[in-house]
Amino acid sequence: MGSMSGPTAAHNNTDPALIVQKYLKDFWDLAVRRKWLILSFVILGIAIGGTLAWLKVDMYRSETVILIEQQKIPEKYVSSVVGGSTADRVSTMTQQVLSRTSLLKIIEEFHLYSDDIKARGYEGVIEALRTNILIETKGSGGQIEAFNISFAHRDPKVAMKVTERLASQYIDENIKIREQFIEGAMEFLDQELISAKEALDQKEKALSEYRMKYVGELPAQLEANFRTLDRLQLEKTRIQDSMNSINTRLDLLEKTILDYEANPGAVAKIPGSLLPGKTDPLTQRLHELTRELAKLSSEYKESYPDIISLKKQIKDAEQQLANRPMVRGGQQTPSDPYLAELLNTKKELNSQLPPLKSQLADVSKNMKNLEKRLEDTPHHEQALLALERDYDNIQRHYQRLHENRINARISENLDKRQKGERFRILDPANLPTKPEGKPRELIAVGGFIVGTGLGFGLAFLLDLLWPTFRRSEEAEISLGLATLATIPSFKMAYGKSMKMVASELEAQNGSNGKHLALSQCVDSLLKGNGSDTEKEETESGASGHRHKTFQEAFLPQLNLVTKWRPQSIVAEQYRVAATRLDLLDPGASNQVVLITSAMKGEGKTSTSANIAYTLARDLNEPTLIIDCDFKCPNLHRVLGLNQAPGVAEYFSGTNRLLEPCLQKIPDLPLWCMTVGDVGRYPVPLAKLQNLSSMLEMMTSRYRFIILDAPPVLPLADVNVLSGLAQVVLMVVRSGVTPKDAVQKAAEMIHHAGPTRLVLTDAWTQGVPYYVRQSYIIPYSLGSKG
């Protein structure tokens, strides 16, 4: 029944079944402890769920599926002109279908929301219509393969018709968008083709003019110019060699003529090369020019500059041969044939020099022109490359536009023949038979579940935010102190709250001042203390205080549960506490026990009175209980005694003897020293030291002296009183006192002797049923019952 000293073995048990059982028990304890909180949320959830279920309007949703058929001709053969992805086009169509203009047409066509239009206007109705329309796409790999269109309305037929209308709008919008894309693309391509053609013609004309302007200086003619320059250089060298040869022959010929005229007989000395049988140089050059012309004609066209130059040179050479002077036929010749031949040869050689000089000048001029062309070629190359590059770019751009124009025309034909991408209704709009959403019953059940969850959640939150000790095991583990006893709630003794018991007693109170008891124990209370109560009320009236009501007079006395309910489990736990207190030091002749708590209202005075009453009645031990709570005395009310005289009168010197300050409980070895009239005789903290001498006088008379001390946290009295006691009992109210307050109070008590815990108002659901049963015969450990 009571807790053992130290943590129990159950805490160290790792049996899964016991652990689950413990958690289930904790959960059940929480549900019972917070039942009103949880029930309030459950009722609130049921009320809200029921209201929502009652207010729920049945909406029927019709659905249709539109399949997106891809282009039937592979795109590698015919590319689609319609730009953007399918998802983008579907999004655009959705915006158009859900636009205000489109939805207004649907509202007017099907006469939707007539009442709502009058109440909220068109804007609110349009928003409601958009809310009831759902568009869901389907596909894989980022591609949309189909999409669902659904609409919800109170009338299932209207829902089906509106869904069909929306599907047809999507199909019409798809056709319209594709037509707009194709028409716009073709119009754009036509305009771009015209512009590109104009640009291409202009660039082609500029390129042609540039080539005509700088013909012979272009990069493509660079190699030919180099070959021509080499040929002209050879020609120049040949002409120079010919002129040198002619000049050399003329010099020899002049010398020969002079020598012949001086010595006519020296004919044999004339060199053979100067005789008439030699080769004609002009004829030889004509043959060379003819061969060069034949060679170039096999490689180049007639318009090639070198061919034109060679033809001119050949024509000049032929004209020179034709105009050569004749030495025969009517011309005057010398009489000496040999001399005449020499003179003719000289004349012929002189006639060959001007053409050679002219040819040399032409060749030099041509070489200079070629050199200038070669120097200007790099400059023209850059300009020509820019022109050709621009021309090529424009030409490619024009070709691409032309290809795109052809592709757009083919794409237009595909759409006309329904071979391109199109929307097709896969599943027509259905006629719904069941309303959408959750059933009404499920909404109500959901409200119950949500309310229950919120109730339990708040209950758990409260336990987390304000942790308290609910079991003795928790207190032992947290504080490191053994539990003397666990006292259940007094409701287990009376079967109801003490306020209800007092109310029933007050209801049975007679007009003559006598009281009728609900039970034999309560009847003893009324008979045994009626005179004292009347005396107390008389004294209170004489002193000018107000008269106490029935509940104020007798409600504290019901806390002495060991007297009024000795058969109960509560009284049995107090007997356990008294027995363990006696066994702490069984050989001691007397013990001073200090009973305190961390805060006010934890049941320390009730615990002090019940333990003292049990020690005296059940253990037959002489016991003295002293009320040391000078700020809020309550012990005299619990025991049904007068407040004065007591400790205050003894310390003040009004009663120098202890006996007048002690009040004996009838038929028991139990005495009580109340607090006294602290209003008239205040007891400061310094006078508490006098308690030590008073206790020394009384220890020989009493086996147990119990000090009912004030709370630890608000007052400093316990620091003095704890030094006077051998045993300290810390009273902790289960489920009320915060853990941190108890821990702080335990740290503030500096006591070298045993310190034990008494857990009061323990949770009754944690006590087994076989322990809660009362004994038929009052149980007593002593000689008196």
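Axes are lines fitted to C-alpha atoms, for helices over the stretch in contact, and the angles between them run from 0 to 180 degrees between N-to-C directions. Helices (H or I, at least four residues) and strands (E, at least two) are DSSP runs, numbered from the N terminus. The model described here is predicted, so that local features need pLDDT of at least 70 and side-chain atom pairs count only at pLDDT 80 or more, whereas totals for chains, interfaces and linings use all residues. Residues are numbered from 1 along each chain as its sequence is written, and side-chain values use heavy atoms, with hydrogens and water left out.

**Helix H6 and its partners**

The axes of helix H4 (residues 100-110) and H6 come within 11 Å and cross at roughly 145°, and H4 passes H6 in a right-handed crossing. A crossing is left-handed if the near helix is turned anticlockwise from the far one by less than a right angle, and right-handed if clockwise. In this pair, Ser102, Ile106, Glu109 and Phe110 of H4 meet Lys161, Val162, Arg165, Leu166 and Gln169 of H6, where contact means heavy atoms within 4.5 Å.

Helix H3 (residues 86-97) packs against H6 at an angle of about 120°, with their axes 10 Å apart. H3 and H6 are therefore oblique to each other; angles under 35 degrees count as roughly parallel, over 145 as roughly antiparallel, 65 to 115 as roughly perpendicular and the rest as oblique. The crossing of H3 past H6 is right-handed, and the contact is made by Arg89, Val90, Met93, Thr94, Gln96 and Val97 of H3 with Leu166, Gln169, Tyr170, Glu173, Asn174 and Ile177 of H6.

The residue classes of these contacts count Ala, Val, Leu, Ile, Met, Phe, Trp, Tyr, Cys and Pro as nonpolar, Asp, Glu, Lys and Arg as charged, and the others, Gly among them, as polar.

| Contact | Nonpolar | Polar | Charged |
|---|---|---|---|
| H3 with H6 | six residues | four residues | two residues |

**The four-stranded sheet**

Helix H6 (residues 156-213) also lies across E1, E2, E3 and E4, running at about 145° to E3. These four strands form an open sheet in the order E2-E3-E1-E4, with antiparallel pairing; two strands pair if DSSP finds at least two bridges between them. Strand E2 (133-140) and strand E4 (422-427) are the edge strands, each pairing on one side only, and the twist averages 30° from one strand to the next.

Strand E1 (residues 60-69) pairs with strand E3 (residues 143-153) in the antiparallel sense over eight bridges; arginine 61 stands opposite alanine 152 in E3, and valine 65 has asparagine 148 in E3 as its bridge partner. E2 and E3 also run antiparallel and are joined by eight bridges, with serine 140 opposite glutamine 143 in E3. These two strands form a hairpin with two residues between them, and glycine 141 in the turn has a positive phi of about 65°. Nine of the eleven residues of E3 are buried, so E3 is largely enclosed by the rest of the structure; buried means under 20% relative accessible area, exposed over 50%, and partly exposed in between (1.4 Å probe, protein chains only).

**The eight-stranded sheet**

Another open sheet has eight strands in the order E5-E12-E11-E6-E10-E7-E9-E8, with mixed pairing. Strand E5 (482-488) and strand E8 (663-664) stand at the edges with a single partner strand each, so one side of each is left without a neighbour in the sheet. Strand E7 (residues 623-627) and strand E9 (residues 670-673) pair in the parallel sense over four bridges, and leucine 624 stands opposite tryptophan 671 in E9.
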